[in-house]
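Biologist: I'd like a close look at one part of this model, and then at whatever surrounds it. Take your time and walk me through it.

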Amino acid sequence: MPPSGSQGPRKKLAHSVPKFYGCYLLRSIPKQNSFYIGSTPDPVRRLRQHNGELKAGAYKTKRKGFRPWEMIMIVHGFPNKIAALQVTRITTSKTAGRSVHHKLGNVRLLLNAPFFNRMNLKVQIFNSETYKIWCTNKFGINLSNQLIHIDYNNIQETDEDLNIESVVNFKQAQIENDQKLLTKFKEMLQYGEKSCIVCDKTIDYIKTDTDYPLVGICYHDSCDHISHLSCLTTYFREQETEIDEKTADEIALQRLSQRIKISEITKLPKGNLIPQKAKCPSCDKTLIWSSLVRYSTMIRLVIGYDGKEPITELEELEGEVNDKYDDEAELELTQ
Ligand SMILES: [Zn+2]
Ligand SMILES: [Zn+2]
């Protein structure tokens with residue numbers, strides 16, 4: 001592989017569109033009131049580091065008597081690392097409460113805050129006790145965004161080996177889903193010229209010069225909607241209505257900022273908002289804007305864009321990312 005010249009831009013792209021970026025909550029198995037919150041593009045490697053199975057990194061969870069750590073939850077679907085880091089900072093705030101009820105309550109508050117609400121994040125729970133506590137919802141914080149997906153697959157009892165197995169399965173499922181969609185998209189684009197369903201102009205991903213436009217392709221089964229991403233932006237904006245959720249959002253934000261004094265970062269920028277969701281013009285199912293954008297950028301990477309070699313394995317998107325994209329959060333230890 002040629003030196004830095006060709007790696008540089010790819011690194012940049014991998015950074016701006018990570019295949020996966022998640023915030024995770026660890027709980028010490030021997031000391032159940034001790035938690036760690038971090039963020040990473042690779043939860044499997046990270047968990048192994050926290051438990052000392054991999055030597056490097058994760059020094060804060062090294063302290064004697066607290067290992068093994070169990071990953072009880074992951075919040076994912078962030079559009080970028082910065083957004084994920086904000087979750088880490090807020091949830092580790094000292095005023096955020098110490099019990100697992102508090103931790104999960106804060107996750108609910110965050111999901112309701114306008115800044116995060118628009119991202120339609122996903123929550124994966126790995127542990128049956130955490131699942132019960134999540135359902136109990138001790139502080140009565142109901143999620144205002146129906147699109148937030150809570151996944152109870154891979155739930156296990158507290159056990160170090162079962163936990164790592166669940167996290168591995170979770171990661172594998174993410175990769176397989178992306179792989180499946182990208183294969184479908186790639187086939188669609190390379191089969192021949194397409195027309196943008198919104199503006200009717202040609203979308204050509206088979207020509208030899210590599211100035212490919214960003215495209216929005218529907219990711220629902222048996223739908224072959226394709227359009228320019230820019231055309232879809234207009235379409236989404238027209239469809240988006242200011243929903244009544246606003247009041248619920250404001251209340252949630254108020255509560256959040258009272259509890260945790262980092263209100264400024266969860267404020268929504270005024271005007272010119274990025275779209276959130278809309279019905280697919282072809283199949284009428286809901287499309288999440290952040291997912292469309294993410295796949296749009298990934299398609300160009302797997303097809304080869306701007307003179308760069310195509311990325312053949314999705315793992316490659318992360319390959320060079322590694323440790324420096326992990327975030328070491330504060331640790332809460334209780335003896
Ligand atoms: Zn168009
Ligand atoms: Zn569709």
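Which residues of α7 are buried?

Modeller: First, the ground rules. This is a predicted model, so local features need pLDDT of at least 70 and side-chain atom pairs count only at pLDDT 80 or more, while totals for chains, interfaces and linings use all residues. Residues are numbered from 1 along each chain as its sequence is written, with chains lettered from A and ligands numbered from 1 in the order in which they are written.

Now your helix. The buried residues of α7 are N163, I164, S166, V167, F170, L182, F185 and L189. Buried here means 20 or more other C-beta atoms within 10 Å of a residue's own, exposed means 12 or fewer, and partly exposed is in between, with C-beta atoms placed from the backbone. As for elements, helices (H or I, at least four residues) and strands (E, at least two) are DSSP runs numbered from the N terminus. α7 has 32 residues and reaches 47 Å from its first C-alpha to its last, close to the 46 Å expected, where the expected span is 1.5 Å times one less than the number of residues.

What do those buried residues pack against? They meet α2, β3, β4, β8 (215-217) and α10 (289-303), a contact being two C-beta atoms, placed from the backbone, within 7 Å.

Leaving aside neighbours within four places in sequence, V75 is in contact with G22, C23, V87, V107, L121 and V123.

Two of the contributors, β1 (residues 22-28) and β2, pair in the antiparallel sense over six bridges; pairing asks for at least two DSSP bridges between strands. A hairpin of six residues joins β1 to β2, and Y24 stands opposite G38 in β2. In a regular strand the side chains alternate between the two faces of the sheet. In β2 (residues 35-40) both faces are covered: F35, I37 and S39 are buried on one side, and Y36, G38 and T40 on the other.

Moving on to the loops, P68 lies between α2 (43-50) and β3 (69-76), and a cis peptide bond with omega about 0° joins R67 to P68. Leading up to your helix, N154 sits in the loop between β5 (149-151) and α7 (160-191). N154 isn't a glycine, yet has a positive phi of about 60°. N154 counts as partly exposed because it has 18 C-beta neighbours inside 10 Å. Another non-glycine with a positive phi, about 70°, is D284, in the loop between β10 (277-279) and β11 (286-288). With 9 C-beta neighbours inside 10 Å, D284 counts as exposed.

One last stop is Q239, in helix α8 (residues 229-239). Q239 counts as exposed, since it has 12 C-beta neighbours inside 10 Å. Not counting residues up to four places away in sequence, Q239 touches A278 and K279. Q239 and A278 are 39 residues apart in sequence but 6.3 Å apart in space, C-alpha to C-alpha.
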